[in-house]
Amino acid sequence: MSEIGPYSNYRLTVRLELANKPGMFAQVAALLAEEQANLGAVDLVSATQTRMIRDITFDVQNEEHGEKVLARLNALPDVTVLSASDRIFLLHLGGKIRVGSKVPISTRNVLSMVYTPGVGRVSRAIAKEKSKVYTFTSKGNSVAVVSDGSAVLGLGNLGPEAALPVMEGKVMLFKELAGIDAWPICVSTQEPDAIVRIVQGIASGFGGINLEDISAPRCFEIEQKLKQSLDIPVMHDDQHGTAVVLLAALTNALRVTGKRLDQVRIVVNGLGAAGTACCRILLAAGAAHVLGCDKEGIILRGEAEQLRACRADLRACLTRDHPTGTLRDALRGADVFIGLSVGNVVTADDLDVMVPDRIVFALANPDPEVPPEVGSAHSAIFATGRSDYPNQINNALAFPGIFRGALDVQASEINEAMKLAAAQAIAHVIPENTLSEDYIIPSVFDKEVVPQVARAVAAAARASGVARRRAKVDEPPLPE
């Protein structure tokens with residue numbers, strides 16, 4: 001079945017009890033073939049003279065299809081479905097993360113040093129000089145991943161409990177890609193000031209704050225207040241992670257097509273958290289012709305200098321009550337389309353009013369603004385947010401390296417210079433002679449990404465005066 005690939009997210013393992021007689025499993029196999037469910041492993045669990053228990057694994061299209069197949073299996077004569085497990089849910093059983101100790105507590109002597117009474121000496125040293133908290137605790141390598149569950153993935157306002165498995169996944173990426181110890185903090189309020197107070201109250205235990213899956217426009221206010229009140233890096237990844245990776249991909253797309261950022265006409269559709277941040281970073285990087293659209297039509301336009309002057313709060317330049325044209329009007333003669341909105345709002349005819357060698361980034365998930373088969377056929381370079389097509393714009397290319405670099409120099413914030421440096425570092429992971437229409441952005445598994453981004457971010461932090469440590473310290477000093 002064409003919808004199911006080798007890495008299906010809808011793979012079921014089902015335990016069946018069958019009558020032990022010829023032809024029984026053939027009926028099961030025939031039913032799966034009829035349902036176009038790809039049959040995988042078949043294991044014999046036990047057998048008696050009359051009954052046989054088998055575990056079978058197969059792929060289905062989606063949850064509804066899986067339920068239909070299970071119902072049909074259970075309806076077969078002499079067949080009983082004893083249990084069914086979904087590999088996605090199995091992977092999440094008991095959560096995906098845990099705390100680990102760096103020092104095994106194997107003797108009473110070790111216990112007395114890592115805890116009382118020995119730890120008291122360390123506490124007194126930190127009380128005397130607070131900056132030593134970075135040296136003698138995990139603060140310097142810890143990030144709080146904070147969400148209120150108001151914008152979970154593309155699923156909407158699911159609440160903090162439903163956000164937790166997503167935040168656990170984010171924590172895993174921090175650890176696996178950048179060696180950062182991150183902690184999921186899902187708060188049971190969606191009131192901006194309450195979230196700000198909660199994060200302010202826990203910030204002393206962390207070296208950075210990653211805001212995640214918080215809906216617009218509340219996310220702008222929360223991030224701004226936390227950046228103003230805390231002396232550690234704060235970044236809303238849905239805004240700035242997306243913006244950094246998008247700029248990196250566009251930088252390379254322009255290299256492939258031989259165009260310059262300050263000369264191309266760019267249309268951004270969807271001016272929520274990610275769309276607004278993308279407009280801001282494009283303007284900061286030197287873009288001179290940017291139009292912003294939302295469902296109302298064109299609501300962001302103006303001279304480059306005017307837009308750059310208000311990019312700190314680009315919402316002040318939005319004219320939602322007075323749109324000046326449609327998305328199709330904006331696309332006419334444009335070089336670049338960037339979609340951060342909803343699926344299937346752009347047609348082939350819409351793309352054809354752009355210049356011939358157009359660049360199209362359709363980043364809505366799971367359905368892009370234009371179907372991939374249409375977008376790739378009607379553009380010189382096509383990118384999505386999906387992993388099953390070339391040129392995936394993936395936040396995981398940005399946030400691990402950005403926080404790694406910021407933590408390494410104990411930066412007090414993540415500023416514009418650091419984000420621009422991160423984008424250029426990601427772009428230049430790919431050598432010039434290997435760039436192509438289908439390879440404008442590195443893979444998240446490219447081991448050069450995080451170290452190069454971290455180095456660039458750390459250097460930008462030092463150059464912009466927000467680094468509190470000039471170099472990474474390998475051996476912490478002993479307390480006086």
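## A walk through the chain

Start with everything shown: buried residues make up 47% of the 480 residues in the chain. Keep in mind as you look around that this is a predicted model.

The C-alpha trace spans about 80 × 75 × 45 Å along its principal axes. Switch to a cartoon, and you can look for 18 helices and 14 strands. Now try a surface: the chain exposes about 23,200 Å², and carbon and sulfur atoms supply 53% of that area. If you display contacts between residues at least 6 apart in sequence, 68% of them join residues at least 24 apart.

Next, select residues 218-229, which form helix α9. Why does its length make sense? At 1.5 Å a residue, its twelve residues should span 16 Å, and the end C-alpha atoms are 17 Å apart, so the two agree.

Show the side chains of α9 and pick out Arg218, Cys219, Phe220, Ile222, Glu223 and Leu226, which are buried.

For the last stop, turn to the cavity. A search of the whole structure finds one of 30 Å³ or more, and about 40 Å³ of space lies in the largest cavity. To find its lining, select Tyr134, Gly140, Gly207, Pro233, Ala406, Leu407, Gln410, Ala411 and Arg468. Colour these residues by class and you will see five nonpolar, three polar and one charged.

Key
Residues are numbered from 1 along each chain as its sequence is written. This is a predicted model: local features need pLDDT of at least 70, side-chain atom pairs count only at pLDDT 80 or more; totals for chains, interfaces and linings use all residues. Side-chain values use heavy atoms; hydrogens and water are left out. On a 1 Å grid over the protein atoms alone, a cavity is a set of points where a 1.4 Å probe fits but cannot get out, and a pocket is an open set with protein on both sides within 12 Å along at least five of seven lines; lining residues have an atom within 4 Å of a point. Grid points are joined across faces, edges and corners, and a volume is the space filled by probe spheres set on the points. Ala, Val, Leu, Ile, Met, Phe, Trp, Tyr, Cys and Pro count as nonpolar, Asp, Glu, Lys and Arg as charged, and the others, Gly among them, as polar. Helices (H or I, at least four residues) and strands (E, at least two) are DSSP runs, numbered from the N terminus. Buried means under 20% relative accessible area, exposed over 50%, partly exposed in between (1.4 Å probe, protein chains only). Contact means heavy atoms within 4.5 Å. Accessible areas come from the Shrake-Rupley method with a 1.4 Å probe; for residues, only the protein chains shown count as cover. The expected span of a helix is 1.5 Å times one less than its number of residues.
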